[in-house]
Amino acid sequence: MFNKILIANRGEIALRVLRACKELGIRTVAVHSTADADAMHVRLADESVCIGPPKAADSYLNIPQIVAACEITGAEAVHPGYGFLSENARFAEILEAHGVKFIGPSAEHIRIMGDKIEAKRTAQRLGIPVVPGSDGAIETEAEALKFANEIGYPVLIKASAGGGGRGMKVAHSPDDLGEAYATARAEAKAAFGDDAVYMEKLLLTPRHIEVQILGDGKGGAIHLGERDCSLQRRHQKVWEEANSPALNPEQREKIGSICSKAIADLGYAGAGTIEFLYESGEFYFIEMNTRLQVEHPITEAITRIDLVNEQIRIAAGAGMSVTQDDIEFKGHAIECRINAENPANFTPSPGMITYYHPPGGLGVRVDSGVYQGYKIPPYYDSLIGKLIVHGRNRVECLMRLRRCLDEFVVDGIETTIPLFRKLVDNQDIANGMYDIHWLEKYLDTKPFD
Ligand code: ADP
């Protein structure tokens with residue numbers, strides 16, 4: 001096992017990783033920008049290193065500084081959290097070249113999954129169902145027309161290098177296909193420096209369902225069930241559930257075992273998430289994330305397995321602590337992402353937290369790095385914490401969530417908590433009847449006016 005791990009992240013996820021390290025008896029190194037000198041992950045770590053000014057490009061994304069911090073402190077491994085350098089294959093390679101273990105999959109696997117055309121091709125080869133579409137990049141408008149005729153309208157043109165929901169264009173008929181194709185290519189070039197695009201059938205009312213997997217890198221892999229992340233705004237997840245209200249145990253087992261078999265065949269090492277759109281009983285692969293996800297705690301709640309602990313064990317060569325037979329799904333869990341934002345229009349609300357009282361009690365977990373008197377800096381994303389609630393069933397979980405949202409006090413800034421208070425009382429949510437467009441349509445009704 002490692003003696004010392006450097007955590008190349010900030011906020012709640014840095015704290016989350018730090019907790020797993022401490023429980024394993026591993027010493028921790030925090031890195032931070034000058035804006036985060038007072039952050040909780042810095043206070044709780046055994047050592048800390050300032051790696052640069054506030055701007056992420058100069059600190060949390062500054063690879064030479066992070067490598068230097070490993071050398072100064074003697075850290076043997078780096079946990080990248082999510083975001084920042086977590087899906088940067090070059091970072092993984094540079095660390096390995098310096099004799100530091102990257103806690104995550106191989107650079108090769110990060111690279112394959114980071115290129116959407118390559119990822120889709122690989123998924124298909126491994127027996128994972130994919131959205132009908134072009135086999136690879138579409139080079140000409142004529143080719144686009146040919147594929148669209150084959151799969152049927154509406155179609156979606158997607159950037160191979162895309163991310164964060166950018167670089168996607170819809171065409172409803174041959175008349176708008178030419179323009180959709182040209183603008184998707186131009187936007188992809190401008191945003192990602194790569195104008196490769198491909199085509200998929202546009203699914204109209206899908207849910208977003210993702211499967212959590214763990215691979216030991218030696219041909220062993222398991223799945224830990226799914227998460228339903230259909231409640232999204234601008235392709236950003238807002239509320240997640242495990243298990244999905246839309247699946248029964250047979251469907252869960254079927255898609256889970258397809259994923260674990262694929263991951264075993266790939267020889268994948270570490271935690272990963274295979275994301276699908278789910279419509280009319282069918283799963284369609286959209287992408288794989290080769291890292292820990294923001295919403296991983298709901299899987300931990302229903303399986304009682306510490307995913308960060310497993311990531312560290314796998315990276316250290318100790319293998320997973322569990323087999324597929326040990327995985328049992330108990331009850332239901334929901335996560336609400338608490339952002340420092342106005343709940344009606346989502347404008348960021350950085351500043352000083354003047355009073356902070358998180359909820360507690362049975363089945364309640366709050367992952368957050370904030371505290372009373374903490375000043376949220378304006379430089380980073382607005383997630384300040386996650387409320388994760390577990391119940392023996394979905395009804396108990398929703399009742400507990402409502403109770404927790406009533407207890408939760410964050411004064412001095414605006415947060416998205418009032419939005420969750422509305423959602424938890426909504427009939428569609430209570431019934432589990434929502435697709436990926438539900439939340440935007442709901443927000444269009446101006447619930448705060
Ligand atoms: P990104 O990496 O940019 O997030 P994804 O491929 O994961 O791109 O897609 C982001 C979101 O776009 C999905 O969660 C879904 O809401 C929507 N989407 C992607 N592909 C399709 C499709 N074929 N049909 C309908 N919606 C899609």
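**Entry 1: the ligand's surroundings**

I began with the residue classes, and the shell around the ligand has 8 nonpolar, 6 polar and 6 charged residues. A reminder to myself: this is a predicted model. In total, I find 20 residues surrounding the ligand. K116, K158, G165, K201 and L203 are the closest of them.

**Entry 2: where the shell comes from**

I then looked up the domains. Domain 2 (132-201) and domain 3 (207-444) each give at least three residues to the shell around the ligand.

**Entry 3: polar atoms facing the ligand**

On its own the ligand has 550 Å² of accessible area, and the protein covers 93% of it. I also checked which elements give two or more residues to the shell: they are strand 6 (155-159), strand 8 (197-201) and strand 13 (282-289).

Next I followed an open sheet of 5 strands, and I read its order as 3-2-1-4-5, with parallel pairing. Why is one side of strand 3 (47-52) and of strand 5 (101-102) left without a neighbour in the sheet? Both stand at the edges and each has a single partner strand, so one side of each has no neighbour there.

Strand 1 (residues 4-7) and strand 2 (residues 27-33) run parallel, joined by 4 bridges. I traced K4 across to strand 2, where its bridge partner is R27.

How values were computed
Residues numbered from 1 in each chain as written. Predicted model: local features only at pLDDT ≥ 70, side-chain atom pairs only at ≥ 80, totals over all residues. Heavy atoms only, no water. Near = heavy atom within 4 Å. Areas by Shrake-Rupley, 256 points an atom, 1.4 Å probe, with all protein chains shown as cover. Nonpolar A, V, L, I, M, F, W, Y, C, P; charged D, E, K, R; others polar. Domains from an automatic or database assignment. Pairing = 2+ DSSP bridges.
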